Amino acid sequence: KVAIKGIERELICPACKELFTHPLILPCQHNVCHKCVKEILFAFEDSFADGGSESSNQSSPRIRISASSMDRIDRINRSGIKRNSLTPRSTLFPCPSCQRDIDLGERGINGLFRNFTLETIVERYRQAARAAIAIMCDFCKPPPQESTKSCMDCSASYCNECFKIHHPWGTVKAQHEYVGPTTNFRPKILMCPEHEMERVNMYCEICRRPVCHLCKLGGGHANHRVTTMSTAYKTLKEKLSKDIEYLISKESQVKAHITQLDLLLKETECNSERAKQEASQSFEKLYHVLEEKKSAALRAIETSKNIRLEKLQTQVEEYQGLLENNGLVGYAQEVLKETDPSCFVQTAKQLHVRIQKATESLKSFRPAAETTFEDFVVDTAKQEDILGDLSFHSNGLEIPEINEEQSRMYNKALISWECPGKTDSADIYVLEYHKLNKEEESVTWQKTEVCGKSKVLSDLDDDSSYAFRVRGYKGSICSPWSREVIMHTPPAPVFSFLFDDKCGYNNEHLQLNPRRTSVESRAGFPLLLGSERLQVGCYTTLDYIIGDTGIAKGKHFWAFNVEAYSYLVKVGVVPSNKIQKLFHNTHDVTSPRYEQDSGHDSGSEDAFFDSSQPCTLVTLGMKKFFIPATPAAPKDPASRILPLPSCLGICLDCDRGRVGFYDAGRMKCLYECEVDCSGLMYPAFALMGGAAVHLEEAVTAKYREYHNDI
């Protein structure tokens, strides 16, 4: 038997950090307490209602919403977004284990299964932990007796006497299932959370969860591969048993690895102490060099100071001699008292020369020494840079290179890098970045340490350019900096939405993926049926689809990809007051100019069709981007056709009434025009023929990890 006390780590809820209580299984296969799930969802909804403020995240001391989820709440609340009432609201749950936002669907918490197996193991652990504490009988008169068995049908515990009274022989209750004393009473039959009156009897191999027959017939698992519950039970139990047997058979190998790891721990301790001593000695040498330089510099300054003070003091004494009855002037006054001409001339000649020099010095006063010590300022800028990069360089550590194809600039910045040799030779990487600003003379790099080969940054300004560089570290050894890469952020905050599968959605011509992030037009059998009666030529109507979220104010940006095989796609925005006109356009499958009985063959209908469009759209297709024919556009049609970028973006400025269409890879504006933003604005897309559009996925903290798992 496995020691129950050795598995505590598996029985702790990641949210409350306590033993599981009624654990629920999330779609990501992690477990969370039922109470914790409710508290996290309440805090999540309160954060939406309060604008994602810090105070709203303190609703329960047991749980904490992930930073990525709070960033999403803040972004949605700042953007002035309103949810379309026609779209069913799904429930997002920030999983505390994998830090991803999990979609719980329309049923939310009611669609989750209770993990009864885990609950039973936790109860066994609790009983082992409180073996000295007895479970008392629920029906004894005070004082109650210690229970000897628990009835799983009655969900109660009994002593021997009370059990006989409440389960008399020969009655239905005598057939109840009873076990040893316990407080964990679980239902005997597992019911379907979506169809509460149906028991689960099948296992969905795609979703990896039990389902009932109604789920398979017409529910969300209709097209999934399922198997019987008994088959799934037998298969999974055999796999788990084999894996456990394999691990148990390798117990000696595991113990050998543990012994080896213990030796490595001790060896690491010894080697680290030796490395510390060597590093200390290296820095001590630098200290000695700096101390010698410091002493020499201070001596030079002191010597210069003494020389200057001596010169200035001599000059002071000379000027003091020019005062009356003092020094040179006093001596000259005494000489003037001499009456003997020959003696006076003999003395006055030399004295007169000194007096003249003193007079000239008064006219052009100049200190005998400089008071500043600018010549003794030590320039340590280069040395500081060298010391800042002080490390043990190694030729064996490869220089990382930033992968511009895998790096992305969207709602956040995803910077990815790799080593030329495709080997992970570094233990840790340091990513530095700074905003390009022509006005700033000095560059201040912001630094962040990364354990992997990618980093998501969320503190960048919109409509800005940034330079990035990275270097690797292995212990105290570091590589040189990589080549700097410049990337541009979107012109406005990123707007999040999904394709609306309710409002005007034509499921005969358009097909959405389950996540509603991709739409594809199917030019197949329905189109042939609609064109069956035509004899000459025709044009088909565009199939429109809009976003499920509108914009009321501010400036917003969103990006998407158009498949290269797409024949015709139109993208842009539509106001809420023109959505009905968009989906009820009078132009149907055929054109009057080609009808046999129309009586005319003019192109006026096509002109009317172009001028009557209720929304602002640009045309894409056949790997081209077509600039609309406006008075400001070039007259030559060929100059209005651009290559289709791999990723397109739309920037809507409701305050200025402008919409711009961008090459989202380079964040370069291809075309901009005015738009009426008097109502709620929705992203709009139109497809015809074979075409597909994929919304750009938002960058999250676990973006690269998630895609690597896939």
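A: Let us begin with a term that sheets require: two strands are said to pair if DSSP finds at least two bridges between them. Keep in mind throughout that this is a predicted model, in which the protein has 14 helices and 36 strands.

Q: In what order do the strands of the open sheet of seven strands lie, and is the pairing parallel or antiparallel?
A: Reading across the open sheet, the order is β23-β24-β36-β27-β32-β33-β34, and the pairing is antiparallel. The edge strands are β23 and β34 (668–674), each of which pairs on one side only. Neighbouring strands of this sheet are turned by 20 degrees against each other on average, with direction ignored.

Q: How many bridges join strand β24 to strand β36?
A: Strand β24 (residues 518–521) and strand β36 (residues 691–695) run antiparallel and are joined by four bridges.

Q: Which residues touch the most other members of the largest nonpolar core?
A: The general idea is that in soluble globular proteins nonpolar side chains tend to be buried together. In this model the largest nonpolar core has 49 residues, and those touching the most other members are Trp558, Phe560, Leu652 and Phe685. Strand β27 (residues 555–562) gives the most to this core, with five residues. Because domain 3 (401–489) and domain 4 (510–586 + 613–629 + 637–695) both give residues to this core, it lies between them.

Q: What is Leu652 in contact with, once its neighbours within four places in sequence are left aside?
A: The contacts of Leu652 include Ile551, Gly554, Lys555, His556 and Trp558, and also Val573, Arg658, Val659, Val675, Cys677 and Met681. A second, separate core has 24 residues, among them Ala15, Leu24, Ile102 and Leu112.

Q: Is Phe495 buried or exposed?
A: The cut-off that matters is that buried means under 20% relative accessible area. Phe495 has 2% relative accessibility and therefore counts as buried, although Phe495 lies in a loop, the one between β22 (485–488) and β23 (510–512).

Q: How far apart in space are Glu398 and Tyr473?
A: These two residues are 75 apart in sequence and 9.9 Å apart in space, C-alpha to C-alpha. Glu398 is found in the loop between β13 (392–393) and β14 (401–402), and Glu398 is partly exposed, with a relative accessible area of 25%. For the protein as a whole, among contacts between residues at least 6 apart in sequence, 62% join residues at least 24 apart.

Q: Why can strand β29 be described as largely enclosed by the rest of the structure?
A: Strand β29 (residues 616–621) has six residues, five of which are buried, so the rest of the structure largely encloses it. Five bridges join β29 to strand β28 (residues 568–575), and these two strands run antiparallel; Val571 stands opposite Val618 in β29. Three bridges join β29 to strand β30 (residues 624–626), again as an antiparallel pair, and the bridge partner of Gly621 in β30 is Lys624.

Q: Which residue takes a positive phi in the hairpin of β29 and β30?
A: As background, most residues other than glycine have a negative phi. In this hairpin, which has two residues between the strands, Met622 takes a positive phi near 55 degrees. Lys17 also has a positive phi, near 60 degrees; Lys17 lies in the segment before β1 (23–25) and is exposed, with a relative accessible area of 60%. Arg208 has a positive phi near 55 degrees, and Arg208 lies in the loop between β10 (202–204) and β11 (209–211).

Q: Which residues of helix α8 are buried?
A: In helix α8 (residues 327–335), the buried residues are Leu328, Gly330, Ala332 and Val335, and what covers them includes α9 (341–363). Across the protein, buried residues make up 35% of the 710 residues.

Q: Where does the UniProt annotation "coiled-coil region" lie?
A: According to the unreviewed UniProt entry, this annotation covers residues 258–285. In the model, the span is 100% helix and 0% strand, and its end C-alpha atoms lie 41 Å apart.

Note on methods
Residues numbered from 1 in each chain as written. Predicted model: local features only at pLDDT ≥ 70, side-chain atom pairs only at ≥ 80, totals over all residues. Heavy atoms only, no water. Core = buried A, V, L, I, M, F, W, Y, C linked by side-chain atoms within 4.5 Å. Buried < 20%, exposed > 50% of the residue type's maximum accessible area, 1.4 Å probe, protein only. Domains from an automatic or database assignment. Contact = heavy atoms within 4.5 Å. Axes fitted to C-alpha atoms, helices over the stretch in contact; angles between N-to-C directions. UniProt positions renumbered as here; feature names shortened; annotations may be inferred.
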